[in-house]
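Subject: Structure handover

Hello,

Here is the structure for you to take over. My notes on what was found in it follow below.

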Amino acid sequence: ERQKYIRNFSIIAHIDHGKSTLADRLIEKTGLLTQREMKEQILDNMDLERERGITIKLQTSRLIYKAQDGHEYILNLIDTPGHVDFTYEVSRSLAACEGAVLVVDATQGVEAQTLANVHLADEQGLTIVPVLNKIDLPSSRPQEIIEEIEEVIGILAEDAPQISAKDGINIEAVLEKIVSDVPAPDGDETAPLKALIFDSYYDSYKGAVAYVRLMEGSVKKGDRIKMMALGKQFEVVEVGVSVPTPLAVPELKAGDVGYITASIKNVKDCRVGDTITFANTPTEAALPGYKKATPMVYCGIYPAEGESYDDVRDALEKLQLNDAALSFEPETSVALGFGFRCGFLGLLHLEIIEQRLDREFDLDIIATAPSVIYRVTKTDDEVSMIQNPSNLPPVTEIKMMEEPIVTANIIVPNEYVGNIMELCQNRRGEMVHMDYLDPKRVVLHYDLPLNEVIYDFFDALKSKTRGYGSLDYEFKEYRESDLVKMDILLNKEMVDAFSMIVHRTKADSRGRVICERLKEVIPRQMFVIPIQAAVGNKVIARETISALRKDVLAKCYGGDISRKKKLLEKQKEGKKKMRQLGNVEVPQQAFLSVLKFD
Ligand code: GTP
């Protein structure tokens, strides 16, 4: 009876179609926050997200809505991230819902991530509530897009609310649709506790906080709980709901979405995807953990000069708590010392972690060139997965190398098809087939080596389609490939942190680009520095940094002392960001600059 008035839902959308704006409107409409609070508290509440305009971390919010039927409903909005790297996180929030509001930009129509997200929602058996957004724009074509949704996605969209999230038009229609179309939860409240952890974060006072969806049973302060996958037991200190700030409540029951704290000191004990039950009267079976995130891209992360290894490890552990897709293990590099090999969902994920380490933990780090995971069969038939180019066995011991291939779905307007086919060709892609989405747009299905996708493919796609192209990809298989390890030598010394595995046909051009980039970013020093790219013993590219002739201060000859001071300070500042590799000083940014191509 109580559950009849609960609705648990997510909003899914292609990037930029207006998911966050709609979420803000829903919160505003249900009167929980004032405009001022809104500003401080918008759903994506990390600086980074606001800056990049994409949602990364999950966040939930309980909304109270008085519907036209006169009843008051509790609407639990569970936020989902909106980028191709984060499919996994979308599926994890969807597992806590019965329905998904599908936002489609009425000027753009169905895009790659619209399809990918719908697919995920389908897998979870969710009811999909389509909504057409941006109808305030003169270029919106609601009727055409309705037909497109019906045809391409196969759901009825005739009476989809036509809204402007920006101008707050028709928001109520969305709330009514959620109430009427999304099924109410119907878990057994008297059964033993069964709660899904779909998100978590670390609070320095409360310890690890688990965001949960109660499937069955109930939980309150003092209950003895058990994490089913890990077997650890805790006593509940507080249960509450997110409004979206935490608000303690006496009890959570089946159908509810909320949080549990239990003085969980070790962040690893509160794993997203795990099921919480009672220690003494456990539920029979854990909930199916959703699709596990498999890191697809690896790179080394090292403390920069003057940072501590332990601080980096602590930070990574904290980040991992609510980012299960992040993995890491210790590794050492000849050039960089002690650090970590970290696994990411994609390049954006990597960049976000780098920035979070910087902003949230104030840590300076060096990230090495990213790599996918190669499968290597040695001549003695031993098979190993290689995530770090330095671990590649000697060429003479390698029988076969295979690389991961992804299936990419790329949606582009007709006029850019040529550009994109060329791009994919350059990236060693194989076209599988091509469909018309509507008279003006095409879906290209390509098999592409992941190692080509992680180098700026997304940016290239955007720039070659004037922003209109969209991309979604998933792992398909390993395929044999002619791959070589390319090393970079600075002043004749190999720098392991720069080594990468590339396709033989790409080695020359990549080697050249890297040498040129390094020449640009490494400052001249007292001696000549050759920069070389080599495959095995063969040098394939070379640049030279000539020696520094004049003392920098000579420039200030006769100049005033304050200018001289400034210059010295600037130099010192620059020093801090330098890394000694052999006898060459390399700025930290050099490590980043070898990552970008095109
Ligand atoms: P991610 O969080 O990255 O997934 O993006 P999103 O889908 O949440 O998009 P967001 O809400 O950030 O909106 C993207 C852009 O579209 C922003 O510049 C919004 O101001 C704009 N926008 C959102 N809704 C509307 C609308 O109804 N009309 C118009 N004209 N612009 C809108």
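Of the 598 residues in the protein, 56% are buried (under 20% relative accessible area with a 1.4 Å probe, counting protein chains only; exposed means over 50%, and partly exposed is in between). This is a predicted model, where local features need pLDDT of at least 70, side-chain atom pairs count only at pLDDT 80 or more, and totals for chains, interfaces and linings use all residues. Residues are numbered from 1 along each chain as its sequence is written, and side-chain values use heavy atoms, with hydrogens and water left out.

The protein exposes about 26,300 Å², and carbon and sulfur atoms supply 49% of that area (Shrake-Rupley method, 1.4 Å probe; for residues, only the protein chains shown count as cover). Among contacts with a separation of 6 or more, 69% are between residues 24 or more positions apart (a contact means heavy atoms within 4.5 Å).

Strands and sheet

There are 15 helices and 32 strands in the protein (DSSP runs numbered from the N terminus: helices are H or I with at least four residues, strands are E with at least two). Eight strands form an open antiparallel sheet in the order β10-β9-β15-β6-β7-β14-β11-β12 (two strands pair if DSSP finds at least two bridges between them). β10 (233-235) and β12 (246-249) each have a single partner strand, so one side of each has no neighbour in the sheet. Neighbouring strands in this sheet are turned by 40° against each other on average, direction ignored (axes are lines fitted to C-alpha atoms, for helices over the stretch in contact; angles run from 0 to 180 degrees between N-to-C directions). Within the sheet, β9 (residues 224-227) and β15 (residues 275-278) pair in the antiparallel sense over three bridges, and Met 227 stands opposite Ile 276 in β15.

Elsewhere, β20 (residues 374-378) and β21 (residues 383-386) pair antiparallel over four bridges. They form a hairpin with four residues between them, and Asp 381 in the turn has a positive phi of about 70°. Val 376 stands opposite Ser 384 in β21.

Val 395 lies in the loop between β21 and β22 (398-413) and is exposed, at 72% relative accessibility. Val 395 is 90 residues from Lys 485 in sequence, yet their C-alpha atoms are 9.0 Å apart in space.

Salt bridges

How many salt bridges does a search of the whole structure find? The search finds 31 (a side-chain nitrogen of Lys or Arg within 4 Å of a carboxyl oxygen of Asp or Glu).

- Asp 181 and Lys 177 meet at 3.5 Å, N to O. They are four residues apart in helix α7 (residues 171-181), and therefore separated by about one helical turn. Asp 181 is partly exposed at 34%, whereas Lys 177 is buried at 16%.
- Arg 356 and Glu 360 have their closest N and O atoms 2.8 Å apart. Arg 356 is buried at 6%, while Glu 360 is partly exposed at 41%.
- Glu 477 and Arg 479 meet at 2.7 Å, N to O. Glu 477, at 29%, is partly exposed, and Arg 479, at 22%, is partly exposed as well.

Salt bridges with shared partners also join Glu 403, Arg 428, Glu 452, Lys 506 and Arg 510 into one network.

Regards
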